[in-house]
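Thanks for making the time this morning. I would like to walk through one model with you, going from the overall fold to the core and then to a few individual residues.

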Amino acid sequence: ISTIRNIAGYILSVLSTMMIAFGGIIKLIGVEWIQQNMAKMPNLGEMTMPIGIIAVICVILYLIPQTSNIGFFLLCSFTGGMI
């Protein structure tokens, strides 16, 4: 049972980090529809690039085994901020 739990944990971890990483990368690239939607929100149009940088840094810290604890807490904080 512990092997199944480990595999399920890895799958959920990879899926959640991939979603956040994808969101951060498209903000860094500057996809047009993301820029337009961020500009509709007050004071967030110019914050698209820093938000993308923060998301990518949090994912990188989470994926490095030595820094996974701090990365986990940063991802939790980042996701809480999105909500």
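Let me begin with a definition: I call a residue buried when its relative accessible area is under 20%, exposed when it is over 50%, and partly exposed in between, using a 1.4 Å probe and the protein chains only. On that scale, buried residues make up 23% of the 83 residues in the chain.

Please keep in mind that this is a predicted model, in which local features need a pLDDT of at least 70 and side-chain atom pairs count only at pLDDT 80 or more, while totals for chains, interfaces and linings use all residues. Residues are numbered from 1 along each chain as its sequence is written, and side-chain values use heavy atoms, with hydrogens and water left out.

Now to the fold. Helices (H or I, at least four residues) and strands (E, at least two) are taken as DSSP runs and numbered from the N terminus; by that rule the chain has 4 helices and 0 strands, which along the sequence gives the pattern α-α-α-α. Along the principal axes, the C-alpha atoms fill a box of roughly 50 × 20 × 20 Å. For accessible areas I rely on the Shrake-Rupley method with a 1.4 Å probe, where for residues only the protein chains shown count as cover, and the surface of the chain comes to about 6,100 Å², with 73% of it belonging to carbon and sulfur atoms. As for contacts, meaning heavy atoms within 4.5 Å, residues 24 or more positions apart account for 44% of those with a separation of 6 or more.

Which residues form the largest nonpolar core? A nonpolar core here is a set of buried Ala, Val, Leu, Ile, Met, Phe, Trp, Tyr and Cys residues joined through side-chain atoms within 4.5 Å, and the largest one has 7 residues, namely Ile20, Ala21, Ala55, Cys58, Val59, Leu75 and Phe78. The elements giving two or more residues to this core are H1, helix H3 (48-63) and helix H4 (68-82), and the largest share, 3 residues, comes from H3. Leaving aside neighbours within four places in sequence, Phe78 is in contact with Ile20, Ile51, Ile54 and Ala55.

Let me turn to the aromatic residues. Rings of Phe, Tyr and Trp (its six-membered ring) pair if their centres lie within 6.5 Å, and planes under 30 degrees apart count as stacked, over 60 as edge-to-face and the rest as tilted. A search of the whole structure finds 1 aromatic pair: the rings of Phe72 and Phe73 have centres 5.4 Å apart and planes at 70 degrees, so this pair is edge-to-face. Phe72 is partly exposed at 40% relative accessible area, whereas Phe73, at 53%, counts as exposed.

Finally, a few single positions. Thr48, found in helix H3, is buried with a relative accessible area of 2%, and, apart from neighbours within four places in sequence, Thr48 is in contact with Lys27, Ile34, Gln35 and Met38.
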